[in-house]
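Hi there,

Here is the structure I promised to pass on. Please have a look at it first, and then read my notes below.

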Amino acid sequence: MQTRVSFYDQLKFNDAGLIPAIIQDQSTGRVLMMAWMNRAAIEKTIATGQTWFWSRSRKQFWMKGETSGHTQRVKDVAFDCDGDTLLIQVEQTGAACHEGYKSCFFRSIEGRGERFKTTEPQLES
């Protein structure tokens, strides 16, 4: 008899019950954002096909795009070899960043870190 191991049993949550989730645009490979998920957020993400996260500051669930309309349709959910990070590939509608950029990673350092530059245009203000 074959024993089935749950995907959740492979994950290593931190002491607060959270795991980091890297959100990646499936079509381009661009990393869009990182957010925290607990088991309930993962379950809701899988059940709805939309990304759901846990806000550490507000201590509540939030769906990406619930107020902005900039949603993420889940295409794949993977986890790393250590089970301590998720990689969620999505189809992004609009900006992923709350500052109006396609990606939250829109700044790069210059030189030895004394300066930085904006690397993409803002989609909206």
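Two residues are in contact when heavy atoms of theirs lie within 4.5 Å. Counted that way, and taking contacts between residues at least 6 apart in sequence, 39% join residues at least 24 apart. Please keep in mind that this is a predicted model.

**The overall picture**

The protein has 1 helix and 8 strands, and along the sequence they follow the pattern β-β-α-β-β-β-β-β-β. Its C-alpha atoms fill a box of roughly 55 × 35 × 30 Å along the principal axes. Of the 125 residues, 35% are buried. The accessible surface comes to about 8000 Å², and carbon and sulfur atoms account for 49% of that. On the charge side, there are 16 positive and 15 negative side chains, and the centres of the two sets lie 2 Å apart.

**A buried aspartate**

Which residue would I look at on your screen? My pick is aspartate 25, found in strand E1, residues 19–25. What is the nearest side chain of opposite charge to aspartate 25, and how far away is it? That side chain is lysine 102, 4.3 Å away. Aspartate 25 is buried yet has no salt bridge, because a salt bridge needs a side-chain nitrogen of Lys or Arg within 4 Å of a carboxyl oxygen. Setting aside neighbours within four places in sequence, aspartate 25 is in contact with Arg30, Leu32, Val90, Gln92 and Lys102.

**Its contact partner, glutamine 92**

One of those contacts leads on to glutamine 92, which is found in strand E6, residues 86–92. Is glutamine 92 buried or exposed? Its relative accessibility is 9%, so glutamine 92 counts as buried. The side chain of glutamine 92 reaches two backbone oxygens: that of glycine 94 at 3.5 Å and that of alanine 95 at 3.3 Å. Leaving out neighbours within four places in sequence, the contacts of glutamine 92 are Asp25, Leu32, His70, Thr71, Gln72 and Lys102.

**Salt bridges**

How many salt bridges does the structure hold? There are 6, and here are some of them.

- Glutamate 91 and lysine 75 meet through their side chains at 3.6 Å, N to O. This pair links distant parts of the chain, with glutamate 91 in strand E6 and lysine 75 in strand E5 (residues 72–79), 16 residues apart. Glutamate 91 is partly exposed at 35% relative accessibility, and lysine 75 is partly exposed at 38%.
- Glutamate 110 pairs with arginine 115, the closest N and O atoms being 3.7 Å apart. Glutamate 110 has a relative accessible area of 26%, so it is partly exposed, and arginine 115 is partly exposed at 45%.
- Glutamate 114 also forms a salt bridge with arginine 115, with the closest N and O atoms 3.0 Å apart. Shared partners join Glu110, Glu114 and Arg115 into one network. Glutamate 114 counts as exposed, with a relative accessible area of 52%.

Notes. Residues are numbered from 1 along each chain as its sequence is written. This is a predicted model: local features need pLDDT of at least 70, side-chain atom pairs count only at pLDDT 80 or more; totals for chains, interfaces and linings use all residues. Side-chain values use heavy atoms; hydrogens and water are left out. Helices (H or I, at least four residues) and strands (E, at least two) are DSSP runs, numbered from the N terminus. Buried means under 20% relative accessible area, exposed over 50%, partly exposed in between (1.4 Å probe, protein chains only). Accessible areas come from the Shrake-Rupley method with a 1.4 Å probe; for residues, only the protein chains shown count as cover. Lys and Arg count as positive and Asp and Glu as negative; His and the chain ends are not counted. The place of a charge is taken as NZ of Lys, CZ of Arg, CG of Asp or CD of Glu. A polar contact is a pair of N or O atoms within 3.5 Å; within protein, one must be able to donate a hydrogen and the other to accept it, and residues adjacent in sequence count only if both atoms are side-chain atoms.
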